[in-house]
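Hi everyone, thanks for making time today. I'd like to walk you through a structure that may be new to you, so please have a look at it with me.

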Amino acid sequence: MIFTIEEINKEPRILPNVTLGYRVYDTCDIYSLRAAMTFLSGAEEQMTNRTCQGAVSVPAIIGEAGSLQSSIIASTTGPFQIPIISYFSTCTCLSDKRKYPAFFRTAPSDYFQTKALAQLVKHFGWTWIGALGNDDDYGRFGIQQFIEQVTDFGACIAFSYILPKIYNAEKISQMVNVIKRSLAKVIVVFTPEREMLQLIEEISRQNVTGIQWLASEAWVTGAVLFTEQFLPYLEGTIGFSFRRAQIPGLREFLLRLKPSPHDSNNYANVFWEELFACKFQLSENVTQGATFEARLCTGAERLEDINTIYSDTSQLRVSYNVYKGVYAIAHALHRLSLCESGKGPFLNNTCASIHNFEPWQLLHYLKEVRFTDQFGGEIGFDENGDAIASYDMINCQKGVTGKVEYIQVGRFDAFAPPGLELSLEEHSIIWTGGKTQPPLSACSESCPPGMRKASRNGEPLCCFDCVPCADGEISNETDSLECTKCSSDDWSNRNRTICIRREIEYLSFEDGTGITLAIIALLGACLTVAVLVVFFRHRDTPIVKANNSELSFLLLSSLVMCFLCSLTFIGRPTVWSCMLRHTAFGVIFVLSISCILAKTVVVLMAFRATLPNSNMMKWFGASQQRAVIFLCTCVQVGICVTWLAKAPPFPNKNIAYQSAKTILECNVGSVVAFYTVLAYISFLSCICFVLAFLARKLPDKFNEAKFITFSMLIFFAVWMAFIPAYVSSPGKYTVAVEIFAILSSSFGLLLCIFAPKCFIILLRPEKNTKKMLMSKR
């Protein structure tokens, strides 16, 4: 401060013809308020320089360093509107203008430091953090705000402790034991050097390594901590410190310090005796019964001969804040001195005199100070009296000589665009233990894509289990809270990381099963046509005539259509194919069964007609047979028309049966209509079976009742087996089972009724005579 005041007094552009003076008091922590009051009241004042003009009281204060001390002084001086500029008090609580209306600081508020630390934690993905703070406003507010910042993006605090203000070995030992057992490998500490030294001594005693320390600006460059003894435990420490500046001429100014042999209480004398281990006034000191004499100080000792922190000006950070604070007051005074009469900011546009002004007038100008110093740093205060927040990110590394080096590895600018406040040089960072990769600090390992986090009962959100996403859900990010459901047309892949198109399944003509069934259907149709041709060419033979050639031709034609209608079940379901396949199947099958029913009735009527005086056949001639077939078929047609009108079959996407597949199928629409169609077919089949069964004992060569009975048994067996197979078959095999039932029953009717006749017609023509047909067995 003294160096800066002397520099300003030599600067002709600031306060020309005005010399700044100063008073220095040692607040000595607990005496802060008494020192300030002495300062302001002018007690013990001695004005030896009669040329000095100005107010007796001091209009501004540079200090205090500690946040607690600053809050005490600022709350006391605030009502008098005496500006106080702190160079090291960072507690966010001091930003409250209602409590501290005249408080300013050149050190950024801890609000910005905790924001910078929280962004650092977020950047490296640390989610399980320890927090330690000093037992004062600085430590408590720092921890509180840091916790608020990191919890906003999902991190958790593993433990939080307040370091005792008065050394307590038991408490510190308990804290270190918790640190040793915890999974949290990243710990942030808001404390001055003294309290941190007590902690690190216990850390060293218990040999706790592998901790990544995040330091507040109060100790990140503390020389008493980063010694050869503690470097194995503190190497890799990262923290944010105030901006550094190389102030020209300061080292030379410091080295010009000389003691005053006549003033034993002089700061320089006390410092000199401590540094050179000597005494200006020799006296016997008794300590625990031992007597010794100190060496006599001559005052000719040379500061430049000793390498100390005092003469090291390479890390001027807090000192730079003092430098800026003094310049801020000087600029405010300079603006006050430039005020033109009649254009002033006070009552009736008056100005304040540089030689006679009140502190509140200086306070007005101090609020508006904004300038750029010779190092490019912008100096000014916001509405809360806080400095423009800018930090250097410091990494404490072990140099080639074995000593600590403070390497700048990034910057934090609170007023940069969102997301760009923090800039890092990750390749330059050395982590704890001298490693080049950042440590992991998490209560639970990250959940990879394809899984989601499931919280544990009674534990923080950062402690969780990883649960695989359910079928049809995905997570394509690490540590997903929820899985995303795929659309109805998509499904999750095996790893549950992406949604893929569901496999479309239906019985197609390119499918092996579809090709096989289509070939069988065409083979059956061709075989039926061949039988039809054989019957047509031999229509005049006795065996064809005896079995009612008209009904045989109609039955064969309906069987051809039965075989062909099964092809409508193959292929991608459409609106028309769904309506056609079910209705065509129902009508054609009824037509076939009606023909068989008519043939069975004809057999019975023919047998009755052979009896004496019987005229049964005239009641069941060709016209009546056609009428029966027509009426039976019309009933089924009426059922199908009603079905199509009310709730017709339609194509449907079934995703419930197989998760990874979309099964294209035909929904029957009206279940009642569908089962009515099947029930009507079954009803006609039962009648046909009963009549054929009653005629089974008629002479074999006269009728085909046994063959009809056998064909109906096959028909019933196929369709009874079809029902459970239809219900249990998955996907395209449901349709395949339905086609198989149609083809099987069609082949059963064809082979049982027409195969014996074709055998006689083609291979035993000698039996195809009326004589052989009418002969007894």
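Predicted model: local features only at pLDDT ≥ 70, side-chain atom pairs only at ≥ 80, totals over all residues.

Before we start, a quick reminder: strands of a sheet pair through backbone hydrogen bonds, in either a parallel or an antiparallel way.

Let's begin with the sheet of three strands. It is open, with parallel pairing, and its order is S1-S2-S3. At the edges you'll find strand S1, residues 61-62, and strand S3, residues 103-105, each pairing on one side only. Strand S2, residues 84-86, runs parallel to S3, and three bridges join the two.

What is the order of its eight strands? Reading across, we get S5-S4-S6-S7-S8-S15-S16-S17, again an open sheet, but with mixed pairing. Strand S5 (156-163) and strand S17 (422-424) each have a single partner strand, so one side of each is left without a neighbour in the sheet. On average, neighbouring strands here are turned by 25° against each other, direction ignored.

Zooming in, strand S4, residues 128-134, pairs with S5 in the parallel sense over seven bridges. Asn134, for example, has Leu163 in S5 as its bridge partner.

Finally, helix H7, residues 193-206, lies across S4, S5, S6 and S7, and runs at about 175° to S7.

Notes. Residues numbered from 1 in each chain as written. Heavy atoms only, no water. Pairing = 2+ DSSP bridges. Helix = DSSP H or I, 4+ residues; strand = E, 2+ residues; numbered from the N terminus. Axes fitted to C-alpha atoms, helices over the stretch in contact; angles between N-to-C directions. Contact = heavy atoms within 4.5 Å.
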